Amino acid sequence: MSTAVSQIDEIKTTPWSGGRSPFNVEYGKIMMWFFLLSDAFTFSSLLISYGALRFSASVWPAADKVFQSVPFLYDSGKPLVFVGIMTFILILSSVTMVLAVEAGHRNSKKEVITWMILTVLGGFAFLSCQALEWSHLHHEGFWWGSTPSLHALKEFFAEGTGTDVTRHLTAQEFANLFFTITGFHGFHVFTGVVINIIITVNVLLGTYEKRGSYLMVEKVGLYWHFVDLVWVFVFTFFYLV
Amino acid sequence: MSAESQEVHHEEGDHQTMTKKRIWKIALYLSIITAIEFTIALAIIPGHPEYLKYANPAYILLTLVKAFYIVAFFMHLKFEKVGLALSIIVPILFIIGLILVLTNESHHWITLRQ
């Protein structure tokens, strides 16, 4: 019997010939990616609906007139400053998260703890800012199903645009969409903070040290970056465009 | 699972991956892009309303650049296997379809609203 194996009987070792993960990624991480993909569809449906309603409206509240307060400092006249602070907070907490992941690769428990705690603090800071933003708009009269009075509404639109009827209609659409979309995003930030706290406690308890890998930090990191990613889009389409 | 994840880590080490220096570099890029967006909105547009029609495409382009940096580097997708990257990016392209359909539809809503 010849020991030479004919070409067709040779066991293939390419990534897709079976017997191993072709993506070379642990199961939980792949599932996190696919969950985020489905979440991306949800957020894009919300944002695209917002876009369609806004395109079809003859007038729309001007972002630099609606968002121009900085809590505790300025009541008006500072457009986009506060949301700028919020954006930088979220970007920075994304940076601390990726630093925690990097420390995890080096199995440095102490550094992972430091960066995770900073990430959680960043998350809380962002949520506090959003609570202030919501309460400010709520005090002005915006909420699901309610808008400021017809007279007060005038100052939220570019001068001389629209009539009382169109202004009232689109201000209501704006309020509903704003609270729904930033609310859904804020809910993601909130769950992200809760998950980050759980992971931080696990790191403190040495769970991942015993396991020999900080892969869990990487997985929640993916979720946290996604939350930041969504904010980048919400920020552009609600505050800039 | 533990043995498998060890192996994954080991193989990742062979590729170019995120170092501290690189993380701060990407953070700097993201901050600069955000700063450019603010400059357009707060400094350029109020003084030059004639540039308004270029502002929105500029914001969207800059947002997509930021999204690329977050997904590719912070979420590490650039260093994953091509198959995984494609299985995430290709379905995302369907969103373009929804954008096209609904923006087209919204033009008809204008007449409905009158």
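Author: Helices here are DSSP runs of H or I with at least four residues, strands are runs of E with at least two, and both are numbered from the N terminus. The model is predicted: local features need pLDDT of at least 70, side-chain atom pairs count only at pLDDT 80 or more, and totals for chains, interfaces and linings use all residues. Residues are numbered from 1 along each chain as its sequence is written, while chains are lettered from A and ligands numbered from 1 in the order in which they are written.

H4(A) has 32 residues and reaches 47 Å from first C-alpha to last. The expected figure is 46 Å, which is close. That expectation is 1.5 Å times one less than the number of residues.

Next, burial. A residue is buried if 20 or more other C-beta atoms lie within 10 Å of its own, exposed if 12 or fewer, and partly exposed in between, with C-beta atoms placed from the backbone. The buried residues in H4(A) are Val112(A), Trp115(A), Met116(A), Thr119(A), Val120(A), Gly122(A), Gly123(A) and Phe126(A). An α-helix has 3.6 residues a turn, so residues three or four places apart point the same way. The buried residues of H4(A) pack against H3, H6 and H8 of chain A.

Now take Val112(A). Two residues are in contact if their C-beta atoms, placed from the backbone, lie within 7 Å. Leave aside neighbours within four places in sequence, and Val112(A) is in contact with Ala100(A), Ala103(A), Gly104(A), Val203(A), Tyr214(A) and Val217(A).

Val112(A) also turns up in the largest nonpolar core. Such a core is a set of buried Ala, Val, Leu, Ile, Met, Phe, Trp, Tyr and Cys residues joined through C-beta atoms within 7 Å. This one has 68 residues, and those with the most contacts inside it are Ala100(A), Val112(A) and Val217(A). The elements giving two or more residues to this core are H1 (27–55), H3 (81–105), H4 (109–140), H6 and H8 (215–240) of chain A, plus H2 (20–47) and H3 (52–74) of chain B. H8(A) gives the most, with 18 residues. In soluble globular proteins, nonpolar side chains tend to be buried together.

Look further along H4(A). Glu133(A) sits in this helix. Glu133(A) counts as partly exposed because 19 other C-beta atoms lie within 10 Å. His185(A) is 52 residues away along the chain, and the two C-alpha atoms are separated by 14 Å.

Asn107(A) has a positive phi of about 55° although it is not a glycine. With 14 C-beta neighbours inside 10 Å, Asn107(A) is partly exposed. Asn24(A), in the segment before H1 of chain A, likewise is not a glycine and has a positive phi of about 55°. Asn24(A) is partly exposed, with 16 other C-beta atoms within 10 Å.

H6(A), one of the packing partners, covers residues 164–205. Its 42 residues should span 62 Å at 1.5 Å a residue; the end C-alpha atoms are 60 Å apart, which agrees. Just after H6(A), Gly206(A) takes a positive phi of about 85°.

Step back to the chain. Chain A comes to eight helices and zero strands. Its radius of gyration, taken over C-alpha atoms, is 24 Å, well over the 18 Å from the globule rule for 241 residues, so chain A is more spread out than a compact globule. That rule is 2.2 Å times the number of residues to the power 0.38. Along the principal axes, the C-alpha atoms of chain A fill a box of roughly 95 × 45 × 25 Å. Of the 241 residues, 37% count as buried.

Last, the partner chain. Chain B has five helices and zero strands. In contact across the two chains are 38 residues of chain A and 45 residues of chain B. On the chain A side, H1, H3 and H8 each supply at least two residues. That side has 22 nonpolar, 12 polar and four charged residues. Here Ala, Val, Leu, Ile, Met, Phe, Trp, Tyr, Cys and Pro count as nonpolar, Asp, Glu, Lys and Arg as charged, and the others, Gly among them, as polar.
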